[in-house]
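These are my notebook entries on a single model.

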Amino acid sequence: MMTLDQAHAADAADPLRPFRDRFALPEGVIYLDGNSLGPLPKAAVAAMDDMVARQWGERLIRGWNEGWIDAPTRIGGKIARLIGAAPHEVIVADSTSVNLFKALVAALRRAPGRRTIVTELGNFPTDLHIAEGAVGCVEGARLQAVPRSELAAALGDDTAVLLLTHVHYKTADRFDMAAWTARAHEAGALVLWDLSHSVGAAAVDLNGAGADLAVGCGYKYLNGGPGAPAFLYVAERWQAALGNPLSGWMGHEAPFAMEDGYRPAPGMRRWLAGTPPVLGMAALEAGVDLLLEADMAALAAKSAALFDTMAAIGDALGLACVSPRDPDARGSHISFRHRQAYQLCQALIAEGVIGDFRDPDILRLGLIPLYLGFEDVVRAGEILGAILADGRHLEPRFAIRQAVT
Ligand SMILES: Cc1ncc(COP(=O)(O)O)c(C=O)c1O
């Protein structure tokens, strides 16, 4: 197990160390939940100040022609660099859930004989719930949600789209994107990747894998702030053929021609529905710009090392790690199964170590290489060990369930 001295030495040698100071991390907190809500980049404070005081306050509606109207494609083009896409294949819009809906309905309408969404049981709830809603909007459509071991067999002549979350929100298990995209294509289906837990956390190469569609969150590893807008990717070859079922005026070819009829914009702009959330996009852009400064290979190497550090601590404490040990087969968080996972999580938070809990028995800790150090992980491990040793997590106050866990 890594000692504190070794952790200090590892931090001193860490090429990513300067990024820590680019975040407003609170004193006395070890933040292991950046996979759920990324911390505040200092540049986002300045960007929001400028957006609110100058752009909104002084420029008023002139702001639309001074960068606001282009923000969805401009920021989308930046996110493209993190996911192996071309700049014109990504747009920032809506939430991940809404983007899932738009992409799934479009995929269900592509080919008349293909009306089934295949996905994994235990996928993130919104993926399953939105898929349920999408099939309700297309005649003859159905949802086939099966265990992971049955996914390949479920693909067939009627599959419209295989919907997979690249990195699993509970276990951090990562699908082999190229292999699963190829399987979907062999069956004649499209594939839609939910990148919420992989963008900024793991290597993603959508075009290298030949993927068709993807969505992802802005508020996790992109550090875009609470409720940040999400993104949508549509491979260039599908851009003319697929249509947005939420055919709002911002996706019209000429929104300010004020026509009665809908004509979709070419390219990614057709995936906009209504007016973009300009304030939220200012913070998201600051988060994305910061991440783009980091070297992805260095992030991957440090993520693996942070994981090994925490996995060794978990092993020493007798915790059951449910995340893959192979760095190429996982994202950037580690999950432990424990009967009192909720209580443990609450007891950790009381000591300033913020992770989260996923029902029914998962303690999830985000090991985010951009701003965490080895000392954070070692200290968090010491606190976890102390809690387990004295059993303080069993105090009744730690069993009270909050609305958001
Ligand atoms: C895989 C996955 N998809 C989607 C979401 C959330 O979607 P939304 O931003 O629409 O709430 C999450 C949030 O944790 C997620 O983990």
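At what angle do helix H10 and helix H12 pack, and how far apart are their axes? Before answering, I note that this is a predicted model, in which local features need pLDDT of at least 70, side-chain atom pairs count only at pLDDT 80 or more, and totals for chains, interfaces and linings use all residues. Residues are numbered from 1 along each chain as its sequence is written, and side-chain values use heavy atoms, with hydrogens and water left out.

**Entry 1: H10 and H12**

I looked up H10 (residues 296-316) and H12 (residues 374-390) and found an angle of about 15°, with the axes 10 Å apart. Axes are lines fitted to C-alpha atoms, for helices over the stretch in contact, and angles run from 0 to 180 degrees between N-to-C directions. Helices (H or I, at least four residues) and strands (E, at least two) are DSSP runs numbered from the N terminus. H10 and H12 are therefore roughly parallel; angles under 35 degrees count as roughly parallel, over 145 as roughly antiparallel, 65 to 115 as roughly perpendicular and the rest as oblique. On the H10 side I listed Lys 302, Ala 305, Leu 306, Thr 309, Met 310 and Ile 313, which meet Phe 374, Val 377, Val 378, Ala 380 and Gly 381 of H12. Contact means heavy atoms within 4.5 Å. By class, this contact has 8 nonpolar, 2 polar and 1 charged residues. Ala, Val, Leu, Ile, Met, Phe, Trp, Tyr, Cys and Pro count as nonpolar, Asp, Glu, Lys and Arg as charged, and the others, Gly among them, as polar.

**Entry 2: H4 and H5**

I then turned to H4 and H5, which pack at about 45° with their axes 9 Å apart. That angle makes H4 oblique to H5. The H4 residues in the contact include Leu 100, Phe 101 and Leu 104, and those of H5 include Ile 130, Ala 131 and Ala 134. In H5 (residues 125-135), I found Thr 126, Asp 127, Leu 128, Ile 130, Ala 131, Ala 134 and Val 135 buried. Buried means under 20% relative accessible area, exposed over 50%, and partly exposed in between (1.4 Å probe, protein chains only). The cover over these H5 residues includes H4 and strands S3 (116-120), S4 (142-146), S5 (159-165) and S6 (190-194).

**Entry 3: Core**

Which residues touch the most other members of the largest nonpolar core? Among its 113 residues, these are Ile 83, Trp 193, Leu 195 and Leu 206. Helix H4 (residues 96-108) supplies the largest share, 8 residues. Leu 195 touches, among others, Ile 83, Met 177, Leu 206 and Phe 231, not counting residues up to four places away in sequence.

**Entry 4: Single residues**

Gln 346 sits in helix H11 (residues 341-350) and is buried at 13% relative accessible area. Gln 346 and Phe 398 are 52 residues apart in sequence, yet 5.5 Å apart in space, C-alpha to C-alpha.

**Entry 5: Backbone**

Most residues other than glycine have a negative phi, and most peptide bonds are trans. Asp 94 has a phi near 50° and lies in the loop between strand S2 (90-93) and H4. Ala 172 has a phi near 75° and is buried at 0% relative accessibility. I also found the peptide bond from Asp 359 to Pro 360 to be cis, with omega near 0°.

Technical notes
A nonpolar core is a set of buried Ala, Val, Leu, Ile, Met, Phe, Trp, Tyr and Cys residues joined through side-chain atoms within 4.5 Å.
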